[in-house]
Amino acid sequence: MPTRAETLAEQFEQAVAEFAQTIEQIPDDKWTAQGGPEGWTVAGVAQHVSGQFPLEMQYITAAAEGKEMPAYSWDDINGMNESRAEKNSAASKADVLRELRDGAASTAAYVRALSDEQLGRTGSLALAGGASVSAQQLIEGGVLIDHVRGHMKSLQA
């Protein structure tokens, strides 16, 4: 029977595999088209997901280790996202896929190694008004797995 961490890692890997497949199916002439709810190019959205794992890991690691979570505001996060989307509006599909797969591999390895105790540890999330969230909730919710899936739906539309 898989551990909770193994199950979470597999769910994340599945979401990333589906996201990669979605990227691969986007025609080259649509890659730099702008649209979707983000208002970014397709390339910018795809790179946003592939490049976001280090920031997401800051939150997950802090919760799992019982440390203080980053105190970024929504303005901070949105500013970083907008800046990166603009900078990467024409990123190559190959570069995005490479970054996605490399980042996902190290992220999944970290998740897979977490104990049940670490998954249950909580921290105060400034972005949620100081609500207490667990490492598992961060992995499942909008910070990791649901983040990938949410932007995948945007690309599919």
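Predicted model: local features only at pLDDT ≥ 70, side-chain atom pairs only at ≥ 80, totals over all residues.
Student: What box do the C-alpha atoms fill?
Tutor: Taken along the principal axes, the box is roughly 45 × 40 × 20 Å.

Student: How many helices and strands are there?
Tutor: The protein chain has seven helices and four strands, in the order α-β-β-α-α-α-α-β-β-α-α along the sequence. Helices (H or I, at least four residues) and strands (E, at least two) are DSSP runs, numbered from the N terminus.

Student: In what sense do β3 and β4 pair?
Tutor: Strand β3 (residues 122–125) and strand β4 (residues 131–134) pair in the antiparallel sense over four bridges; two strands pair if DSSP finds at least two bridges between them. Thr-122 stands opposite Ser-134 in β4. Five residues lie between the strands of this hairpin, where Gly-129 takes a positive phi near 70°.

Student: Moving on to the core. Which residues touch the most other members?
Tutor: They are Phe-12, Phe-19, Ile-23, Tyr-59, Leu-100, Leu-138 and Ile-139, in a largest nonpolar core of 49 residues. Two or more residues come from each of α1 (4–25), α2 (42–64), α3 (74–87), α4 (93–112), α6 (135–140) and α7 (145–156). Helix α2 gives the most, with 13 residues. A nonpolar core is a set of buried Ala, Val, Leu, Ile, Met, Phe, Trp, Tyr and Cys residues joined through side-chain atoms within 4.5 Å. Buried means under 20% relative accessible area, exposed over 50%, and partly exposed in between (1.4 Å probe, protein chains only).

Student: What is Leu-100 in contact with?
Tutor: Leaving aside neighbours within four places in sequence, Leu-100 is in contact with Val-16, Phe-19, Ala-20, Ile-23, Val-49, Ser-50 and Phe-53. Contact means heavy atoms within 4.5 Å.

Student: And Leu-138, where is that found?
Tutor: Leu-138 is found in helix α6 and counts as buried because its relative accessible area is 3%. Beyond four places in sequence, the contacts of Leu-138 are Tyr-59, Ile-60, Ala-63, Met-69, Leu-125, Val-133, Val-143 and Leu-144.

Student: Is Gln-52 buried or exposed?
Tutor: Gln-52 counts as buried because its relative accessibility is 6%. Its place is in helix α2, and Gln-52 touches Asn-81, Arg-84 and His-147, not counting residues up to four places away in sequence.

Student: Which residues of α7 are buried?
Tutor: The buried residues are Ile-145, His-147, Val-148, His-151, Met-152, Ser-154 and Leu-155, and they pack against α1, α2 and α6.

Student: How far apart are the end C-alpha atoms of α7?
Tutor: They are 17 Å apart, which agrees with the 16 Å that twelve residues should span at 1.5 Å a residue. The expected span of a helix is 1.5 Å times one less than its number of residues.

Student: Now Glu-65. Where is its place?
Tutor: Glu-65 lies in the loop between α2 and α3 and counts as partly exposed because its relative accessibility is 38%. Not counting residues up to four places away in sequence, Glu-65 touches Tyr-110 and Arg-121.

Student: What about Ala-17, in which helix is it found?
Tutor: Ala-17 is found in helix α1 and, at 43% relative accessibility, counts as partly exposed. The C-alpha atoms of Ala-17 and Arg-101, 84 residues apart along the chain, are separated by 8.5 Å.

Student: Last one: what share of the 157 residues is buried?
Tutor: Buried residues make up 46% of them.

Note on methods: Residues numbered from 1 in each chain as written. Heavy atoms only, no water.
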